Protein chains: 4
Amino acid sequence: MRTIISVDPNGKPLAQPHMHTRWHPDIPPVATVNVGEAFKVECMDFSGNSISNDDCADDVLDYCWDQDHHLSGPIRIEGAQAGDLLHVEIMDVQPFPERPWGFSMIEPGAGPLDKNHTRVAKAIWDFEGAITSSRHIKGVSFQGRPHCGEIGTAPSAALLESWTDREKALNHRFRSHGAICANEPSKRGAYVGQELPSDLAQKIRLHGARTTPARENGGNIDSGTLTSGASIYLPIYVDGANLSVGDLHFSIGDGEPTCAIEMAGIMTIKCHIIAAGMDTLGFTAPVVIPSVVDHFYQARLAFHGLSVSDQGMQHLSNPMTGYIQAASAAMKYLQRFGYSHEQAYILMACAPIECRLLATPNIPTANVSVALPLGIFNADLRPSSTNPVVHDYGSVAYLSEEREKLHNTRHPGPPSPFCLEA
Amino acid sequence: MRTIISVDPNGKPLAQPHMHTRWHPDIPPVATVNVGEAFKVECMDFSGNSISNDDCADDVLDYCWDQDHHLSGPIRIEGAQAGDLLHVEIMDVQPFPERPWGFSMIEPGAGPLDKNHTRVAKAIWDFEGAITSSRHIKGVSFQGRPHCGEIGTAPSAALLESWTDREKALNHRFRSHGAICANEPSKRGAYVGQELPSDLAQKIRLHGARTTPARENGGNIDSGTLTSGASIYLPIYVDGANLSVGDLHFSIGDGEPTCAIEMAGIMTIKCHIIAAGMDTLGFTAPVVIPSVVDHFYQARLAFHGLSVSDQGMQHLSNPMTGYIQAASAAMKYLQRFGYSHEQAYILMACAPIECRLLATPNIPTANVSVALPLGIFNADLRPSSTNPVVHDYGSVAYLSEEREKLHNTRHPGPPSPFCLEA
Amino acid sequence: MRTIISVDPNGKPLAQPHMHTRWHPDIPPVATVNVGEAFKVECMDFSGNSISNDDCADDVLDYCWDQDHHLSGPIRIEGAQAGDLLHVEIMDVQPFPERPWGFSMIEPGAGPLDKNHTRVAKAIWDFEGAITSSRHIKGVSFQGRPHCGEIGTAPSAALLESWTDREKALNHRFRSHGAICANEPSKRGAYVGQELPSDLAQKIRLHGARTTPARENGGNIDSGTLTSGASIYLPIYVDGANLSVGDLHFSIGDGEPTCAIEMAGIMTIKCHIIAAGMDTLGFTAPVVIPSVVDHFYQARLAFHGLSVSDQGMQHLSNPMTGYIQAASAAMKYLQRFGYSHEQAYILMACAPIECRLLATPNIPTANVSVALPLGIFNADLRPSSTNPVVHDYGSVAYLSEEREKLHNTRHPGPPSPFCLEA
Amino acid sequence: MRTIISVDPNGKPLAQPHMHTRWHPDIPPVATVNVGEAFKVECMDFSGNSISNDDCADDVLDYCWDQDHHLSGPIRIEGAQAGDLLHVEIMDVQPFPERPWGFSMIEPGAGPLDKNHTRVAKAIWDFEGAITSSRHIKGVSFQGRPHCGEIGTAPSAALLESWTDREKALNHRFRSHGAICANEPSKRGAYVGQELPSDLAQKIRLHGARTTPARENGGNIDSGTLTSGASIYLPIYVDGANLSVGDLHFSIGDGEPTCAIEMAGIMTIKCHIIAAGMDTLGFTAPVVIPSVVDHFYQARLAFHGLSVSDQGMQHLSNPMTGYIQAASAAMKYLQRFGYSHEQAYILMACAPIECRLLATPNIPTANVSVALPLGIFNADLRPSSTNPVVHDYGSVAYLSEEREKLHNTRHPGPPSPFCLEA
């Protein structure tokens, strides 16, 4: 089997020719594959090796988020034409055998669960075969379901333009709040590894779409279902499809309020084409058939959330508020057993948590549940008259004393887009 | 085993003493049970037998939504005290053997998927043992997971007041839009079956909280997990707990954009108490341990939705928009195979559909997936070069010709709260 | 939906016209159904109401095993022809609502796990909705998966004759051992409820095949998979198919070394025909598509058995010995926690136990595993340095003192066929 | 993480010091690990690289079965004492990345399904990530569940002696039949890789137990549950435990009538000790807690087998006969769709097939089911009026013409032990 893209997971991304950090139709493919051919693609972690396996979170503070995600590609699929559907079989996702670890981290302000008392933090997860545990969050271990967080085809020029337009319009609508609601194209962090004519490189850096969200081409789907055995169907907007992949995770929790277990690794992929499928099947966004092999921690404890804020304000049937309430309730429950706020927060993003949107029309609440898998905890966390029993679960990695001091005194950032009131 | 509440599922609700349609601390319990005692409770369908097993949807138009939900209770649990947690074991939920059918319906304006081209519609589902199918939506059959849509304890007076205040405040915030964002207390449809002193009855009718949403006491949770074998933990706000149940469903789809398969039926329940559990465990909203026996249609086709409206407007990471996009994509896919818009819509609410909130921080999209269970369809719906193949799947029940004409000419209702722009 | 066969589960079987206890081609159908028609069939428990809901096992000793199984039928399927396949959809199996209990029992000598120290015993299981527990085996409760133990079509005259011949030949081969290896036709206990000409009745009673084993027509399949949502395909040997059903269980363990949880109840069934399917598909024995809804107690503790007897004798790769070893190990493990031998024995037959035949060619052992579902026990039974912890789990029902004395002094029965040495 | 045993999967086993092919207490450990330490062990395929990735089965005929299984070990667990229980966490099993293939093969006479018309055959399985397919059996692909077929602790001298005694006694009992019922110790193929004093080496070669069966120390368990996430509890008979592992499979079918998908690979393991656990917990044979992550092909087609031979002879409730009947029915069913006898045979051993022993006491039949996972086949294999549809599924690898001729004319081997009549 061919490895069509190789990377050095411990190297610097700027020196690596098969990577890019923006979506743009004009990034030339770095490899070509045939329909039905299984092949391997290596990927750096999403941050391009910016986070280290140590016990200090200063690198979290130093990370430039404009650089994410470091994607491998584009890969041209021989014969693919705009208007076809690309059927990608994900046959395997694995960490590099010689780099059996991943990380999660909390950057205050980055997700909906963030509160002003959250500290910059990091947890390193060790992979022992298919099982992971963290020296920074004791009392927990579970089986991973390594998957691909970001996967997409290249947008057409028209599609790219529509993305930029609508996202700029969103920022414009909320400009008075000062929050960043969508990351607009930005030269800072924009990167195409291969050597390109300077005007082309400049065009991509200036206009390439950010990789933060999922969009009509796939993108940052962040679904744990994209593990070995899954199929994803993606619309094709440019001839050749120009598939890129990256942002591999060892495990993820639904809702993923901050980083999943981020890793560098190797995907095995096979591509098929449904000719003219965009028209015949009508797909304009990703469609997935999950693997038959599911990580099914059967015993679950599901917290239900209301569309009511912490301050008791009723929101208009809002599943994001419901998620925040349910996940916060789960976190507070964990804290009663001895986990810290940051440990509980990271577990929400890393552990195999199930989040369901249960009912939408029951105004003024959208029903959301967030379910902890009971089997991942050493202790028995079921509600009972003898619980909670408190244990010591160690500590995540925080900032160095020096940086912590500086961090606390720096000017507050912009408000979170999740705090904007509807 | 005692049947502590009996109802006539084919009768009129007003003549039935064990029912009520509002949450209020002063509704006296109609029955008392002991901790650890299994007992049965009979329930009318949520509408109080307002919808008939026929092929005309005029009764949908005639239904007064202020009457829902017709709950059975309250049930006093001997020894329960405010501050305890009530652990309710759901041991069974079944339709009445002699009433083996349920219904779903579409009331335009009632849910987030509604578009102005949706017609008033109804589908009757026949229960053949554990399997259901509908003469109004051919080509589909599946196993039910009968469950309890609404379950809750009585609120304290203070909690009730806080509900009313915050929901009125919501309506106030959006009053200029004309939309009803929360159903406020209303004498219309308010009902307590038992004979009460008139001032008490009046107080309940005037101030009792509507049963539409889920709240801190449980309420309209609408989760298919509340089937036999599940446990739900509810805070207790008044001595005796005063549990009420109702809104039974034969099956539900996550997201439930309109009615699930509504039915009258019989629950078997056992209650336990965790003394002072609200304090020791900190639950302030429902927590559920789902049954080990899950309706697990393994093969799924998951549509992913973006936080982008049909008109291409980018919303601020909005899982409701994501749900609407994903569910609409699933519906449009079904329509390519021959299902009508209304059939597809009803399937979204009735079939064992899985809706996951996958990732929240990827601004400006909240990732939501809506997964069709492939095994419930007679036809093979997998994406392929030979699909879609169109079949005739019959028709849902619509309005009579006469009513349809009147309906189309009546004044448009208030705008949907789901259309209010953030 | 029609109930085509009604029974009185608390009555005497001899007075009930729709029952029979033998397989014979000449038993006239008692009802006729159409292809595609859902219908209900009521069934007595297998013993014809011979076992009572009390705390004394004397009725076990009194039971005449020649009477089993009390089947409901035969049911003629309109249009079915010999050579077709009958596709039976099992849409539901439920206990009678007014008879929410079942029983299991141990008749020494009746199964492969029996040892001379097993006492005559009985356990009553109470059904609280879908959940069962027993006052005779404390500390255990679980969800049932009500199913049909016996289901079959009528044999042709030729098939019946071949059964009798081969089973007599087996008894003949082992006649010197004194063991009964197959129950031959016997007037004792033979029974057809409907009124028949006396010569026909006599013919059936003299020659009708016993219902003990599974055979080419279906028969005593005793698989927990035959629950709601399952399909079974049965060869048709006589025109009309002449389907009979019975031996309903609330729950069963794979291997079922003694009675499962036996109950009277109601089946919902729908029949289809695959014309000439015996020839086109080649089925000559039952084939089953299990329900999508499985009782899946995920956490299991699997004991592995060798083909070595208790006395240390090596058997020729024998899965029966492997089963005996694995199940005995599981029973001894349970006894370390405080369950009695008889309680553990009954659990092997009643609880949702999984028994797999893992590998056959590894001479001289056939690998068999017997897995306990950990989730059905109140206590934590996982192997650990703090286990076993002994609890008091009450007692099964045994013989009255008087009968126990008599029983112990009666002549020993014939040797078990499971003790015959290969 | 340490790799404590390295092998060359493409080399010759005799040159590799960490391997052995017999169980004996005196084989010195080749590595030592600590309790709680995760470590890696590399393993050759069971045959010691005797089977090639080509299209000719001559190497099957040439294979000397006395050499199996090539195990890696023994591994000493620091602090383990005889009488303790060894808790082995299987954290991962993977093929060597650079050797992404495995094989299955049929040696006539080797398993219970063999008929005289079975030909020597081989199938190569390619691993594309977690998915496997075979150029020798088209139309099938499935996800593997890589696992460890053989795992065990060293026997004590007394245990070893009892094995030899009881297996010789078995052969003695059946000596008049000419069949080999148990493989006795044999110098031929006996092998210890490390350099040992010649008298010790000789002792091991002369008296070491064969690795064919599972025994009280673990051994050839051949259970697909021994995949990542599983725990196995093994009795410890010698200080240090002296664990050996090997016989890795990419996938296996329950019943495994011939070779599973055999592969060379790498295990990740962690060991724990339950002190004095043999006494406190009473385990005298392996006990397994399967992984929470199961390969669960939900849609299954289960063939049920009777204890009746092909020739119509009734056996005494015999699950081996039941297995043979059920598996043969499944194979014949596959042949109706175009698979050859040898293809169907190999699928029985390689595909994720479920074999359950359902009921034991229903004399004279022990109920056994063998279930095909419908989802692994490209074609729809469900029974219907339009099936079977015949396709061309290619061909397994057979003997070269030359060898086929010689093979057919060689003297017939000894009778199969599975043909010996009880």
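Asn49(A) is partly exposed, because 18 C-beta neighbours lie inside 10 Å. A residue is buried if 20 or more other C-beta atoms lie within 10 Å of its own, exposed if 12 or fewer, and partly exposed in between, with C-beta atoms placed from the backbone. The model is predicted: local features need pLDDT of at least 70, side-chain atom pairs count only at pLDDT 80 or more, and totals for chains, interfaces and linings use all residues. Residues are numbered from 1 along each chain as its sequence is written, while chains are lettered from A and ligands numbered from 1 in the order in which they are written.

Asn49(A) sits in the loop between β4 (38-43) and α1 of chain A. Helices (H or I, at least four residues) and strands (E, at least two) are DSSP runs, numbered from the N terminus. The phi of Asn49(A) is positive, about 65°, although the residue is not a glycine. Most residues other than glycine have a negative phi, and most peptide bonds are trans. Glu256(D) also has a positive phi, near 25°, and is not glycine either. Glu256(D) belongs to the loop between β15 (243-249) and β16 (265-274) of chain D. Glu256(D) is buried, because 27 other C-beta atoms lie within 10 Å.

Cis peptide bonds occur in loops of chains A and B. One runs from Asn387(A) to Pro388(A), with omega near 0°. Pro388(A) is in the loop between β20 (367-373) and β21 (397-398) of chain A. Another joins Asp68(B) and His69(B), with omega about -10°. His69(B) is in the loop between α1 (58-62) and β5 (71-77) of chain B.

Chain A is divided into domain 1 (2-289) and domain 2 (300-411). These bounds come from an automatic or database domain assignment. The C-alpha centres of the two domains of chain A lie 26 Å apart. In chain A, 37 residues of domain 1 are in contact with 35 residues of domain 2. Two residues are in contact if their C-beta atoms, placed from the backbone, lie within 7 Å. On the domain 1 side, α1 (58-62), β7 (101-106), β8 (121-128) and β10 (137-143) of chain A each supply at least two residues. β10(A) gives the most to this side, with six residues. By class, this side of domain 1 of chain A has 17 nonpolar, eleven polar and nine charged residues. Ala, Val, Leu, Ile, Met, Phe, Trp, Tyr, Cys and Pro count as nonpolar, Asp, Glu, Lys and Arg as charged, and the others, Gly among them, as polar.

Chains A and B meet at helices and strands. Helix α5 (residues 319-336) of chain A packs with helix α5 (residues 319-336) of chain B at about 115°, with the axes 7 Å apart. Axes are lines fitted to C-alpha atoms, for helices over the stretch in contact, and angles run from 0 to 180 degrees between N-to-C directions. Pro319(A), Met320(A) and Tyr323(A) meet Pro319(B), Met320(B) and Tyr323(B). Strand β17 (residues 287-289) of chain A pairs with β18(B) in the antiparallel sense over two bridges. Two strands pair if DSSP finds at least two bridges between them. Val288(A) has Ala302(B) as its bridge partner. Ala302(B) is also the bridge partner of Ala371(B) in β20(B). Six bridges join β18(B) to strand β20 (residues 367-373) of chain B, and the two run antiparallel. Six of the six residues of β18 (residues 300-305) of chain B are buried, so the strand is largely enclosed by the rest of the structure.

Chains C and D form another interface, where 86 residues of chain C are in contact with 86 residues of chain D. α5(C) gives the most to the chain C side, with seven residues. This side has 49 nonpolar, 27 polar and ten charged residues. Chain C can be laid on chain D with an RMSD of 0.0 Å by a turn of 180° and a shift of 0.0 Å along the axis. The two copies are thus related as by a two-fold rotation axis. Copies are superposed by least squares on the C-alpha atoms of residues with pLDDT of at least 70 in both. Of the interface residues of chain C, 100% are also interface residues in chain D, so the copies meet through the same surface.
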